[in-house]
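Start with the sequence and the coordinates.

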Amino acid sequence: MIDDLEYNTEREHLIIPEYGRHMQKMINHAKTRETKEERNKLAKAIISVMGNMQPHLRDVPDFQHKLWDQLFIMANFELDVDSPYEKPTKELLEERPEPLKYPQNFPKYRFYGNNIKTMIDVANTWEAGELKEALTYTIANHMKKCFLNWNKDTVEDAVIYNHLFELSNGDIDLRNSEEELSDSTSLMRTKTKYSSNNKKGGHQKKNQNNRQRKRY
């Protein structure tokens, strides 16, 4: 009896392991039948069993089509039967999809992000006037804030103006402007204040929970 034991290392590879080895043996047996009528009969029986083994497929649109495709895949596309659907091919299964084209942006100053460049491009389309000037200084202040988030120190307005001139391809030139941007400490204080409020709120909630535990 020991000589009749089968080890997984000696068995053939299961193409779709979810259906088990007995299902694979049934399909291999159907491939050996000589008449197409008998193969068709066995194929329909196998599809019925496969559907019972995968009840979650009943909620999937065209689940019968999926079962027939899996049948041909498990048969290594060597089962000659009449299918109610178009038979898949081995070449189609092995065909690799085309790689997705992701937008690749490699800005020179990555700490500003891609949105800054988009804002600058939009500002370049506006006509000269108060609105464009306001938008330009808003962009410059936001660039300064992004720079401080990256550098955690301080930055001169002239540096921001030079970067803005370069990113706008020379269309926005504030290098000779006498107007000053927001102070670095005020920009950093806003972030620090927000962080402190979050921590304070967390401590208050924790203390409140501790008081509630003491009641019980």
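Which residues on the other side of α2 are exposed? They are E37, K41, K44 and N52. Exposed means over 50% relative accessible area, buried under 20%, and partly exposed in between, with a 1.4 Å probe and protein chains only.

This is a predicted model, where local features need pLDDT of at least 70, side-chain atom pairs count only at pLDDT 80 or more, and totals for chains, interfaces and linings use all residues. Residues are numbered from 1 along each chain as its sequence is written, and side-chain values use heavy atoms, leaving out hydrogens and water.

Helices are DSSP runs of H or I with at least four residues, numbered from the N terminus.

The buried residues of α2 are R39, N40, A43, I46, I47, M50 and G51. They fall within an arc of 140° seen down the axis, so they line one face of the helix. The arc is taken over directions from the helix axis to the C-beta atoms. Their cover includes α1 (20-31) and α3 (63-74).

Now the cores. A nonpolar core is a set of buried Ala, Val, Leu, Ile, Met, Phe, Trp, Tyr and Cys residues joined through side-chain atoms within 4.5 Å. The largest has 23 residues. Y112, I120, I139, M143, I160 and L164 have the most contacts inside it. Helix α6 (130-151) supplies at least two residues of this core, as do α5 (114-125) and α7 (157-167). The most come from α6, with eight. A second, separate core of 19 residues includes M50, L57, W68 and L71.

Note on methods. Contact = heavy atoms within 4.5 Å.
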